[in-house]
Every structure is written in structure tokens, then in C-alpha cells.
Amino acid sequence: MERGFTISVIGLGLIGGSILKKLKNTENKLIGVSRRQETIDKAFEEGLISEGSVKLDVIKNSDFVFVCSPINKTLQIIIDAGKITKTSAIITDVASIKSPITDFINKSNDPINFIGGHPMAGTEYKGLDSSFAELFEGAKWVLTPCRWTTKDSINLLKNLIEKLGAETIIAEPDEHDKAVALISHMPLLLSQSLYSLVKNHPDKKTGDLAMQLASSGFRDMTRLAATNPELSIDMIMENKENVVNAMKELIQEYSVIEKKLKEEQAYTKICFDLARSREKIYSKEGKNFYKGLNL
Ligand code: NAP
């Protein structure tokens, strides 16, 4: 039989709640900390935690601490958690940006058993009520070790994350931030731009008709524009340079494709090539199974 751990989750929203829901009814002891007592009460009612508080002190005997607060609160909570917990406790976070947090911890002279984390799973909703146990099923979960990270800690955290249903990928924080700018943060800006263009179209009659006709294509392309605004602001502002660069690359890519429109054959080739490649990277259930193939 496996030994149970004491696992604390700080920030019981979409991500923190989903971690607890997946670990509910396991051999682990689960502790919750959130900003509002109301959220803690709800977590108790749902049987997600056996201890909980709006104060950090409850996490002191933890083996693992998941910091799942908004991005702009994450670093301070990690530092505070490091001071409260035993030195062997593994502290991780789930923030969508990794460099600012890891850089600060790497420059600090206070050792902390911290490993940055980012589950590549989410929805446009927020809060404990939106969380669900299957959120991380088949998802990638990036880990960005810091200078204090030991191999043992990485292995322990990897095992736990695999129990949440995800597959871990180790990356450098700045490489992570550039990559998520391309596939998550720039698409958010693109989605906002598209939605804004149609909603505020200079030709009001056309814009209004387009909004009435908008179906699955527009819904899929603009889903990210409905992202929890607190999260959107933090993600874009904290990763602004990479996002702006990615947007410039996108505009350049568009100009290449636009030139091909002059010749039907050239554009036809692009349509076939991209459709074939795109259909290979996701399963029918929408999970990414790209393994570095030459698509
Ligand atoms: P969320 O649903 O809004 O949840 C955030 C939670 O943090 C709320 O439950 C809130 O508590 C709590 N909180 C706020 N300030 C706090 C504080 N000072 N101390 C303790 N708890 C505090 O947000 P989320 O989507 O789960 O995002 C949380 C983190 O996950 C962010 O770092 C984000 O980058 C990352 N992430 C999000 C997604 C996504 O798609 N949403 C995907 C991957 C990673 P109350 O409910 O008590 O007010």
C-alpha cells in the first residue's frame, strides 16, 4: 500500500479545485487555503479537504504545496509558504508564466524546495464551482526546476502529477514562456482582436449581421476572449514581450499566406498541407499527442 502524503492547495479555484477533486478519496491528507472563508466552507462541504483556512499556517506539515492563486499573488505566497513549511516540503505553483517567479527564486540566497509548474489545461471559467477532477486527464504539465531543486523532489512531484492524469515535461522557464506565448497567450490576444473587430465593425450593418450568423467557427476562434479577465491581464502583461513578438511572427506568416492567394495552386497546397498536419496532433477527444514528429 502506498504511503499517503499531506498535500496543501493554496487558491481553491479552477486549477486548485480540480487538483483536490482528483485527489479526493485517495490515501493523501488534503489541506486547503483560499482568500475567502466561503470558498473554504464549500471545499469542506464537498469533502475535498480535511483541514482548511484563510491563513497559511495550516500548511506547515505539508509534504507538497500547490500554489494555485492568481499569477500576481503567486511569488509572495511561495516565499511565505517556504518560511512556514518543513525544508523537505516540495513547493510548486501552476502559474502560466514561469521566468519572473523562477528568476526571483534563483537570485535569492534563501534556499527553497521549489519547482515551477504549469498544467496545460484549463477553461475560460473560474472558481471552485468550475473545477472538475478530469481537467488534467491526458494534459501536459510543464515543470521548471530552480537552482535548489533536487532530482528526488522532481521525481516525487512527477509521480504525483501523473496521478492527476497529466504527463510532465521539463523545460527552462524562458523557453516555456516563449512557447506558451505562441500557443496560449498570443492566441488570447488574437481571439480578443477578432471578437472586437466583429463586435465593433465600422460597417455596423455588416457587423450586426455577422454577430447574428456567428456559429461554431467564430465560437471556437473567440473562446479565449471569454477567459477570466484577471487571468488574461496577468498572462499578457507578464509575458508581453514574447506575446508581441509572437504576434509579429503571426502577421509575417499571414503575409506569406496572403501572397499565395494570388495563385490558386499555391494556396491549395497550403490548405492540404496544414489540414493534414493539424489533424495529426490532436486525438478525437482533443488531447495533444504530438511527440516531436516531423509533421
Ligand atoms: P481562479 O479560478 O480564479 O482561482 C483562483 C483562486 O485563488 C480563487 O479561488 C481565489 O480564492 C484564490 N486566491 C486569490 N487570492 C488569494 C490569496 N491571496 N491567497 C490564497 N488564495 C487566493 O483561477 P485559476 O484559473 O484557477 O488560476 C489560478 C492559477 O492557475 C493562475 O496562476 C493561472 O495562471 C494558472 N492556470 C490557469 C489556467 C486556466 O485556464 N484557468 C490554466 C493553467 C494554469 P477565493 O475563491 O477564496 O476568492
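1. Basis. Residues are numbered from 1 along each chain as its sequence is written, and side-chain values use heavy atoms, with hydrogens and water left out. As the model is predicted, local features need pLDDT of at least 70 and side-chain atom pairs count only at pLDDT 80 or more, whereas totals for chains, interfaces and linings use all residues.

2. Overall fold. The chain has eleven helices and eight strands (DSSP runs numbered from the N terminus: H or I of at least four residues for helices, E of at least two for strands). Its radius of gyration is 21 Å, close to the 19 Å that the globule rule gives for 295 residues, so the chain is as compact as a globular protein of that length. That radius is taken over C-alpha atoms, and the rule is 2.2 Å times the number of residues to the power 0.38.

3. Shell around the ligand. There are 28 residues around the ligand, and Leu-14, Arg-36, Thr-39, Ser-96 and Gly-127 come nearest (a residue is near if one of its heavy atoms lies within 4 Å). By class, 13 are nonpolar, eleven polar and four charged; Ala, Val, Leu, Ile, Met, Phe, Trp, Tyr, Cys and Pro count as nonpolar, Asp, Glu, Lys and Arg as charged, and the others, Gly among them, as polar.

4. For Gly-127, a polar backbone atom is 2.7 Å from a ligand oxygen. The protein covers 89% of the 900 Å² of accessible area that the ligand has on its own (Shrake-Rupley method, 1.4 Å probe).

5. Second largest pocket. Its volume is about 320 Å³, the space filled by probe spheres set on grid points joined across faces, edges and corners. A pocket is an open set of points on a 1 Å grid over the protein atoms alone, where a 1.4 Å probe fits, with protein on both sides within 12 Å along at least five of seven lines; lining residues have an atom within 4 Å of a point. Of the 17 lining residues, Gly-82, Asp-110, Pro-111, Ile-112 and Asn-113 lie nearest the centre.

Notes:
A polar contact is a pair of N or O atoms within 3.5 Å; within protein, one must be able to donate a hydrogen and the other to accept it, and residues adjacent in sequence count only if both atoms are side-chain atoms.
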